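Hi,

Here is the structure I said I would pass on. Have a look at it first, and then read on for what turned up.

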Amino acid sequence: MANRTAKKTEACAAALRRHRFEAETVKDAEAAFALMKAVVEAENPQLVSFGDSMTMRGTGIVEWLRSNGRLTLLDGFDASKPYEERLEIRRRALLSDLFITGVNAVTEQGTLHWLDTVSYTHLRAHETRHDL
């Protein structure tokens with residue numbers, strides 16, 4: 001089963017690469033954290049935000065971003081803040097230097113799918129802002 005999953009995961013990553021995405025596969029949450037941390041450090045952003053994801057939180061990247069003194073983290077999901085303030089933070093996040101998000105599904109054809117309480121989005125990996 002693990003070998004089949006790895007092959008399917010790599011097929012999805014290959015489809016994304018054919019559409020000019022940089023795609024990496026990792027074996028576990030620890031490796032995902034290391035990869036995301038390396039990207040953040042290479043980009044050296046001042047202002048960072050994220051789309052809420054239990055999987056992403058499970059890697060530890062959100063807490064690492066929160067504790068990183070070299071950047072400002074916009075957390076539009078902080079339940080201790082009033083709803084209107086969280087919405088304003090999410091608006092500001094649109095202008096962040098780096099926005100980290102997860103995706104609910106990637107197909108072997110290179111389509112990305114998000115489903116959340118706000119919207120459903122389907123984006124073919126080859127679509128860019130010029131195509132939309």
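Let's start in helix H4, where glutamate 63 and arginine 66 sit 3 residues apart, which means about one helical turn separates them. (Helices here are DSSP runs of H or I with at least four residues, strands are E runs of at least two, and both are numbered from the N terminus.) These two form a salt bridge, with the closest N and O atoms 3.4 Å apart; the term stands for a side-chain nitrogen of Lys or Arg within 4 Å of a carboxyl oxygen of Asp or Glu.

Before going further, a word on the model: it is predicted, so local features need pLDDT of at least 70 and side-chain atom pairs count only at pLDDT 80 or more, while totals for chains, interfaces and linings use all residues. Residues are numbered from 1 along each chain as its sequence is written, and side-chain values use heavy atoms, with hydrogens and water left out.

Glutamate 63 is partly exposed at 46% relative accessibility, as is arginine 66 at 38%, whereas aspartate 75 is buried at 8%. (Buried is under 20% relative accessible area, exposed is over 50%, partly exposed is in between, with a 1.4 Å probe and protein chains only.)

Elsewhere, glutamate 10 pairs with arginine 17 in a salt bridge, with 2.7 Å between the closest N and O atoms. A search of the whole structure gives 7 salt bridges.

Now the inside. The largest nonpolar core has 12 residues, among them Val48, Phe50, Trp64, Leu73 and Ile100. Such a core is a set of buried Ala, Val, Leu, Ile, Met, Phe, Trp, Tyr and Cys residues joined through side-chain atoms within 4.5 Å. Strand S1 (47–50), helix H4 (61–67) and strand S3 (98–100) each give two or more residues to this core, and H4 has the largest share, with 4. Leucine 73 touches Val48, Ser49, Phe50, Val62, Leu65 and Arg66 (heavy atoms within 4.5 Å), leaving aside residues up to four places away in sequence.

Last, the hairpin. Strands S4 (residues 105–106) and S5 (residues 111–115) pair in the antiparallel sense over 2 bridges; pairing requires at least two DSSP bridges between the strands. Valine 106 stands opposite leucine 112 in S5. The hairpin has 4 residues between its strands, and glycine 110 in the turn has a positive phi of about 90 degrees.

Cheers
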